Structures are given as structure tokens and as C-alpha cells.
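Welcome! Have a look at the sequence and the model below, and then we can walk through a few of the places in it together.

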Amino acid sequence: MLLDSQPDMTVVAEAERGEQALARLCQQRADVMILDLSMPGIGGLETLRRARLRYQDLQILVLSVHDEVVYQQQAHLIGASGFISKAANPERMLAAVRALAQGKSHWPELPGGEEATGLKAVIDGFNTREFEVFCRLAKGLSVARIAEELCVSYKTVANYGTCVRRKLQVSSTAELANIARALGVLPNHMP
């Protein structure tokens with residue numbers, strides 16, 4: 001409904017399952033495909049892979065409730081043109097679709113300017129363990145994996161993760177990854 005309400009957009013097809021989405025692409029050409037990673041059937045990532053193999057010029061925007069950086073990385077590696085969280089406001093969704101329709105990519109924004117300077121000061125104030133947990137969370141590692149790597153308990157890592165998120169005033173791993181890339185802790189490109 002959101003897309004159809006826009007004068008510059010037309011929804012040409014909808015599908016509930018990955019297999020249906022691929023079949024509809026054969027029947028009806030689209031400029032931008034919005035793909036839910038959690039769709040039933042072959043799933044969003046496999047649908048993305050197959051669509052990319054068949055339609056190299058198709059712009060594919062991944063929409064997901066999973067905003068952790070690992071999902072963004074997988075989508076990027078398979079060939080998505082952009083990624084947006086289902087929690088994003090409608091204006092961001094429309095901006096993402098318009099960007100893709102113009103041949104641009106759309107990935108979560110990185111903070112910059114004064115905001116980056118403030119975030120750097122917060123990170124510089126982290127103790128060693130907080131920084132280690134921050135870096136690993138930003139890379140998309142699970143709490144269990146981080147606990148194993150640092151030889152500490154799961155609860156200890158979870159507590160540090162909560163502290164790091166509170167200090168940076170973020171709630172998701174994707175936001176931590178964006179901050180880490182903006183500040184040079186992680187590379188700016190998706191691996």
C-alpha cells in the first residue's frame with residue numbers, strides 16, 4: 001500500500017514465497033525487487049541468489065526484521081543492492097526504493113561529523129574488555145562465540161554488550177557495526 005500510494009511507483013507483482021517471487025519475475029519485469037529475508041519456501045537468501053543469477057541488472061532491496069550486520073553482509077555478498085530494517089520509518093523505505101530505482105545502492109547510514117567525534121570519545125573511554133566485546137559484536141559474532149574467544153562466561157559478555165550499547169545509545173548489532181565502520185574499527189565496505 002505504501003509503494004502503490006506513491007505517484008512515481010507501481011507494484012507490478014507480489015509473492016508470498018521465494019519460488020513465487022522468481023516465477024513472477026519471469027512473467028513481469030520489475031526495476032526494483034523488495035525481498036524479505038524471512039519469506040517461506042526457499043527463503044530470502046536463496047531467492048536473492050537465484051534472482052541475482054538470472055537478472056543481473058535487477059535492483060534488489062532486502063527488507064528484514066533481522067538487522068544484525070551478519071545478515072547485511074550475507075545479503076551484500078549474494079548480490080543485494082541495499083538493505084533496510086522493517087523497523088525503519090516509511091520515508092526511509094521510500095528513499096531506499098527510489099535510490100535503487102536510480103541505480104544507487106542503499107545500506108544503513110554511517111554516522112559522521114560531530115556525531116562521529118562524540119562516538120569516538122565514548123569508544124576511547126571503553127576499558128579493554130568493553131572494546132574487545134564492541135569489536136566482536138560489530139563484526140557480527142554471537143555472544144557465545146565471543147565468550148569462547150575471550151575465555152569468559154556468556155553472562156559476562158552479555159553484560160559488557162549491554163554496557164557498550166548503553167554508552168553508545170544504540171540497540172542493535174547493526175548500529176554497532178555502522179559505528180565501527182564509521183570510526184575505522186571495521187572496513188567501510190562489506191566483506
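Helices H7 and H8 lie roughly perpendicular to each other. In this predicted model, H7 covers residues 143-150 and H8 covers residues 154-168. The two pack at an angle of about 110 degrees, and their axes are 8 Å apart. That angle counts as roughly perpendicular because the range for this label is 65 to 115 degrees. The crossing of H7 and H8 is right-handed.

Which residues make the contact between H7 and H8? On the H7 side they are Val143, Ala144, Ile146 and Ala147. On the H8 side, Tyr154, Val157 and Ala158 take part.

## A serine in a loop

Now turn to serine 81, which sits in the loop linking helix H3 (69-78) to strand S3 (82-85). Is serine 81 buried or exposed? Its relative accessibility is 10%, so serine 81 counts as buried, the limit for that label being under 20%.

The side chain of serine 81 has a polar contact of 3.2 Å with the side chain of glutamine 59. Setting aside neighbours within four places in sequence, serine 81 also touches residues from other parts of the chain, among them Arg52, Leu58 and Ile60. Leu100, Ser105, His106 and Trp107 are in contact with serine 81 as well.

## A glutamate in helix H2

Glutamate 46 belongs to helix H2, which runs over residues 44-54. With a relative accessibility of 23%, glutamate 46 counts as partly exposed, because that label lies between the 20% limit for buried and the 50% limit for exposed.

Which side chain does the side chain of glutamate 46 meet in a polar contact? The partner is arginine 50, at 2.8 Å.

## The cysteines

A disulfide is a covalent bond that joins the sulfur atoms of two cysteines. How many disulfides are counted here? The count is zero, with a pair of cysteine sulfur atoms needing to be within 2.5 Å. Cysteine 163, for one, is in no disulfide: the nearest cysteine sulfur belongs to cysteine 135 and is 15 Å away.

Cysteine 163 is buried, and its relative accessible area is 14%. Cysteine 26, by contrast, counts as exposed, at 54% relative accessibility.

Note on methods
Residues numbered from 1 in each chain as written. Predicted model: local features only at pLDDT ≥ 70, side-chain atom pairs only at ≥ 80, totals over all residues. Heavy atoms only, no water. Helix = DSSP H or I, 4+ residues; strand = E, 2+ residues; numbered from the N terminus. Buried < 20%, exposed > 50% of the residue type's maximum accessible area, 1.4 Å probe, protein only. Polar contact = N/O pair within 3.5 Å; in protein donor to acceptor, adjacent residues only side chain to side chain. Contact = heavy atoms within 4.5 Å. Axes fitted to C-alpha atoms, helices over the stretch in contact; angles between N-to-C directions. Parallel < 35°, antiparallel > 145°, perpendicular 65-115°, else oblique. Left-handed = near helix turned anticlockwise from the far one by under 90°.
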